[in-house]
Amino acid sequence: MIKKIDHLLYYGLIALAFVMPISPVSANIVWPVLLLLWIAKMAALKEVRIASGPLALFVLVFILAGVLPAYFGQSENKGFFGVISIMSFLIFILVAENTADFKHAQKIGYLLGISYIMMLLLRRFLYPVGSNVFAGCFARLPVERSIMGLAFFILLLGAYFYYGFKKLRMVFGKERFFIVLCLFAVLGLFLSEFYLSEVAGCQHSGMEFLPIVWLLMALTFYKSRAVFLDRDGTINEDMHYSADTEKLKIFTNAGTAIKMLNEAGFKVVIVTNQSGVARGCFTEKDVHKLNDLVVERLNKENAFINGIYVCPHHPDIACRCRKPNTGMIKKAARDMNIDIKKSYVVGDMKTDMLLAKNTGAKGIFVLTGAEKTPPEFTDYAAKDIYAAAAWITCRKEPD
Ligand SMILES: [Zn+2]
């Protein structure tokens with residue numbers, strides 16, 4: 001289900017980037033549909049944050065300053081459609097809130113906040129009532145009447161391209177493709193808007209589709225950070241080559257620890273070696289059944305797991321997934337757009353620490369499993385998963 005939504009979103013966004021500069025009206029039909037899809041996906045993953053963390057105040061101020069006057073007809077964006085067009089800005093914040101990387105979301109958020117205040121000031125003091133400075137900032141008004149607007153536009157576009165290309169150096173594959181697409185979509189729609197208003201003399205506002213670009217940007221620019229958790233000996237007591245659901249004992253503070261990581265914006269991913277499958281102790285189905293139970297118990301404590309990856313192979317088979325090989329983490333990173341270098345591996349075995357080392361993540365050794373001596377290259381040794389989560393969330397972002 002989520003995979004299907006992802007596919008729709010992926011191709012929808014590509015289509016949107018092309019539709020935007022050509023037909024803003026169609027774009028305004030497409031993007032709310034994509035947004036609904038995105039919300040459905042987030043709801044299915046049970047991880048929608050509406051106003052938590054550093055952006056909460058920003059959301060509140062925005063509603064008071066933007067949506068309420070619009071609703072009561074006190075601003076240029078009047079009535080229902082006015083509210084909808086302003087809401088697109090709020091939608092950006094909503095998306096940014098859920099990108100897991102607050103630091104980057106914050107930067108863009110402040111940039112947009114400043115731009116919004118500047119536009120309000122421009123409208124209030126520089127232009128007579130009725131002129132559309134929103135659009136004027138970008139294309140419509142003659143240049144001599146909107147030097148500030150033009151300066152502001154260059155600033156915004158400059159910042160946009162700066163962030164865009166800075167990100168471009170660090171990303172690959174699909175994400176890079178999207179960023180290039182976004183950057184050119186902005187350029188394209190600016191040119192089409194300029195053409196329509198200045199050359200063809202048509203009237204149409206350009207403001208409504210910039211938030212779409214921000215939406216695209218927020219959806220694709222940020223990589224999330226993850227905490228890769230070993231299962232046996234880290235989340236629950238060691239199972240000793242068993243997949244018996246009766247024997248499952250989750251550590252008492254594991255739920256709290258995972259919830260803490262959820263709230264700090266980390267993706268929480270379980271990566272587990274289950275060679276018991278290859279050894280014939282239990283089947284892969286049994287493993288999934290047990291995993292489901294782990295997830296169910298954790299969910300009861302409002303702790304959520306974003307993904308589970310299992311290696312069922314025998315150690316003698318040279319597979320790419322068995323820890324300390326990096327197959328499972330690399331797959332998770334592809335599936336969930338994770339920045340591995342800014343992520344963590346938490347486990348009770350030397351193999352987990354080797355896995356961290358092999359992938360460039362930070363390794364945290366927990367003392368709740370079979371092995372009691374952390375290898376010397378461990379980044380941190382924690383009493384248990386809770387101490388590990390506390391260390392991760394208190395820690396400044398690794399550079
Ligand atoms: Zn394997």
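Predicted model: local features only at pLDDT ≥ 70, side-chain atom pairs only at ≥ 80, totals over all residues.

Trainee: What makes the six strands a sheet, and in which order do they lie?
Mentor: Two strands pair if DSSP finds at least two bridges between them. Strand 1 (residues 226-229) has four bridges to strand 2 (residues 267-273) and three to strand 4 (residues 344-347), so both pairs meet the criterion. Four bridges join strand 4 to strand 5, and three join strand 5 (residues 362-366) to strand 6. The order is 3-2-1-4-5-6, the sheet is open and the pairing is parallel.

Trainee: Why are strand 3 and strand 6 placed at the edges?
Mentor: Each has a single partner strand, so one side of each is left without a neighbour in the sheet. Neighbouring strands are turned by 20° against each other on average, direction ignored.

Trainee: Which residues stand opposite each other in these pairs?
Mentor: Val227 stands opposite Val268 in strand 2, while Phe228 has Val345 of strand 4 as its bridge partner. Val346 stands opposite Ile364 in strand 5. Ile364 in turn stands opposite Tyr380 in strand 6, and Phe365 stands opposite Ala381 of that strand.

Trainee: Why is strand 5 called largely enclosed?
Mentor: Five of its five residues are buried, so the rest of the structure largely encloses it. Lys362, Ile364 and Val366 are on one side and Gly363 and Phe365 on the other, and both faces are covered. Strand 1 also has buried residues on either side: Ala226 and Phe228 point one way, Val227 and Leu229 the other. In a regular strand the side chains alternate between the two faces of the sheet.

Trainee: Why is Gly307 called partly exposed?
Mentor: A residue needs 20 or more C-beta neighbours within 10 Å to be buried and 12 or fewer to be exposed. Gly307 has 18, so it is partly exposed. Gly307 belongs to strand 3 (residues 307-311). Its C-alpha atom is 9.9 Å from that of Val295, 12 residues away along the chain.

Trainee: What handedness does the unit of strand 4, helix 13 and strand 5 have?
Mentor: That β-α-β unit is right-handed. A crossover is given that name if, with the strands pointing away from the viewer, the path from the first strand over the helix to the second runs clockwise. Helix 13 lies across strand 4 and strand 5, at about 170° to strand 5. Its buried residues are Thr351, Asp352, Met353, Leu355, Ala356 and Thr359. Just after this helix, Gly360 has a positive phi of about 90°.

Trainee: What makes a set of residues a nonpolar core, and which residues have the most contacts inside the largest one?
Mentor: The set must consist of buried residues of the nonpolar types, joined through C-beta atoms within 7 Å. The largest such core has 43 residues, and those with the most contacts inside it are Val227, Phe228, Leu261, Val346 and Ile385. Another core, of six residues, lies apart from it and includes Leu16, Val19, Leu35 and Trp38.

Trainee: Which residues is Val227 in contact with, leaving aside neighbours within four places in sequence?
Mentor: They are Leu261, Phe266, Val268, Ser343, Tyr344, Val346 and Ile392.

Terms used:
Residues numbered from 1 in each chain as written. Helix = DSSP H or I, 4+ residues; strand = E, 2+ residues; numbered from the N terminus. Axes fitted to C-alpha atoms, helices over the stretch in contact; angles between N-to-C directions. Contact = placed C-beta atoms within 7 Å.
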